[in-house]
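Colleague: I am new to this one. Can you take me through how its parts meet?

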Amino acid sequence: MGRAVTVATCALNQWALDFEGNLERIFRSIDIAKSKGARYRLGPELEICGYGCSDHYYESDTLLHSFQVLEKLLESPATQDIICDVGMPVLHKNVRYNCRVIFLNKKILLIRPKISLANAGNYRELRWFTPWSKARHVEEYVLPRIIQEVTGQETVPFGDAVLATKDTCLGAEICEELWAPNSPHIEMGLDGVEIFTNSSGSHHVLRKAHTRVDLVNSATAKNGGIYILANQKGCDGDRLYYDGCAMISMNGETVAQGSQFSLDDVEVLVATLDLEDVRSYRAEISSRNLAASKVNPYPRVRVNFALSCPDDVAVPTCMPIQWRHHSPEEEISLGPACWLWDYLRRSKQAGFLLPLSGGIDSSATACIVYSMCHQVCLAVKNGNADVLADARRIVNDETYIPEDPREFCKRIFTTCYMASENSSQDTCNRAKLLAEQIGSYHINLNIDMAVKAVVGIFSVVTGRTPRFSVHGGSSRESLALQNVQARIRMVLAYLFAQLTLWANGMPGGLLVLGSANVDESLRGYLTKYDCSSADINPIGGISKTDLKNFIQYCIENFQLTALRSIMSAPPTAELEPLVDGQVAQTDEADMGMTYAELSIYGKLRKIAKAGPYSMFCKLINMWKEICTPREVASKVKHFFRMYSVNRHKMTTLTPSYHAENYSPDDNRFDLRPFLYNTSWSWQFRCIDKQVSAL
């Protein structure tokens, strides 16, 4: 009867401008899809050039090389007898579009430009592309000569159309269009489209996966149909980690689920589904059928090809499954770990160096590296030849096989405790014990000699010697002395990263890892150009609250008992003198606010778009049981003063894994001035009036 269709979607670890590698991964996905009987293959958004090309999209080279890759795909026997749906930028009438190019047997069937562009948060698609605004309109696109020579076509359809095969009808969406309130799948479904496809470049955010899954399932719950989603995976060159989750859904239920985090560069999902299940599902929805009878039809591109076989009565079809979501702690363990692996192998460095202070943040960073080592050993055990080849190159041993995470950690991870006269023995012991349990190569050193030398230079020049507050100095003197210690640690971190392997007779250098969390960055509770300044930071988008939960997860899942004492100790910078050998300085006392409060301020400021007055109005209700309006006003004012005074530090923030939607990352996510009027006179006056009224 021709009712069972076999379709494939994939998650590919593409890399911006890596045309060679991207082509190889596309070919691999097509080979796997065909070997599993698929007649249609969907890939991620802009997979040919890689999603994260940014301003390289302006370059004609990017367009040229994308068409050169398309030429290789079209002329290859590997793409015969399967409809291939690939993503690339296309220039039409001197306007650049984000497109799907759909082809079969050396013929381009349709170039479908993106209609709704992603332009919020980390996305800037309107900077490089123009949305296709001509609904249900198709134009002729003149193909470049290199493509004409392969296809024998001079022009092909370009625009908002659907494909009509012998047995069904397919319509394409591209990423953001699924999230839009007027998604194309609504009208396409009413017009008889039975299979919807979505090629995405969707990045990881903690607790986001369920939203994506719900959107896909709801797309066909009300209207019936099959929905196929492909997504980018991995780090393609910047702060984002694209988290796969390729999936296939039918009539509101998931039938195939891809992994959210893995080290596999190519993952292909294949499902066989019964078109009659779609038709019978739709048949009893009278409201849908009434709307369908009045819909404005889409242009149809006729395709002399079927996704099913004539004799398919005995072909088994896929059944619904229950989606398994990761806990936030698992997401922290896996997402940043996969991101670090991509960064390490693609930067061609020999490992990482982390200043390990014995506190929660640097310990969490160390645990993420340890989790990465676990993932590498697991991937090799499961036969991943790419990961094995990368691991051998990183450790400079062609016969090496990573089997034990601690042993692999010893080879690629150096931790360094940088003590000063203000450091306690407790933090030194905690750092040493954690390093032993994860297996890192650990260094203990003392920075006092360097600190005294730097302060000594100042004293010689000025004739003045600064003192800590506890020794009678001013707050300015005390802060300057703390900053000297912090900045010397950064200098030493980079020195040891460059030369530790050299000193041990080994080639290569190490990437320096930072460990400032999202809340400290928001408040500016860090020294500019201290150990927060690094090459990359896997926890820079994660809150202190989530990091504490992650530490507990590591205690239970990795048996890292050293973390128990780290969890119970109050967070401290250890930059001021000890009192009777004990730490007197704590982070929350220094900041004038708790980490829990900071998370709330951060979410209100960024996600709820609240300025000082709006934040005050929201918090007097949220905190009415614990704070008076006057106390709330004082807290809000203090936060905004500290935030604005320290905002300049965000301009030099180490590139961090993006995990929270209230990240203060100044690069492109949280665009704000860095020179504020820190008195906030008008805003605070509005708050004061409201306090008086209350």
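Colleague: How many salt bridges are there between domain 2 and domain 3, and how do you know?
Modeller: This is a predicted model. The count between domain 2 and domain 3 is 0 salt bridges.

Colleague: What makes them separate domains?
Modeller: The domain assignment does. Domain 2 covers 328–449 + 487–576, and domain 3 covers 592–693. Domain 1 is 4–302.

Colleague: How do you know that domain 2 and domain 3 are in contact?
Modeller: Contact means heavy atoms within 4.5 Å, and by that test 29 residues of domain 2 are in contact with 25 residues of domain 3. Their C-alpha centres lie 30 Å apart.

Colleague: What area is buried between domain 2 and domain 3?
Modeller: About 2,300 Å², with 62% of that from carbon and sulfur atoms. On the domain 2 side, Leu522, Arg523 and Lys528 lose the most area to domain 3. Together they give 32% of what that side buries.

Colleague: How many residue pairs are in polar contact between domain 2 and domain 3?
Modeller: The count is 13, with both residues at pLDDT 80 or more. Each pair has N or O atoms within 3.5 Å, so these pairs are called polar contacts.

Colleague: Which helix gives the most to the side of domain 2 that touches domain 3?
Modeller: α17, with 6 residues. α10, α17 and α18 each supply at least two. By class, that side has 11 nonpolar, 11 polar and 7 charged residues.

Definitions and conventions: Residues are numbered from 1 along each chain as its sequence is written. This is a predicted model: local features need pLDDT of at least 70, side-chain atom pairs count only at pLDDT 80 or more; totals for chains, interfaces and linings use all residues. Side-chain values use heavy atoms; hydrogens and water are left out. Domain bounds come from an automatic or database domain assignment. Buried area is the accessible area (1.4 Å probe) that two parts lose on being put together, summed over both. A salt bridge is a side-chain nitrogen of Lys or Arg within 4 Å of a carboxyl oxygen of Asp or Glu. A polar contact is a pair of N or O atoms within 3.5 Å; within protein, one must be able to donate a hydrogen and the other to accept it, and residues adjacent in sequence count only if both atoms are side-chain atoms. Helices (H or I, at least four residues) and strands (E, at least two) are DSSP runs, numbered from the N terminus. Ala, Val, Leu, Ile, Met, Phe, Trp, Tyr, Cys and Pro count as nonpolar, Asp, Glu, Lys and Arg as charged, and the others, Gly among them, as polar.
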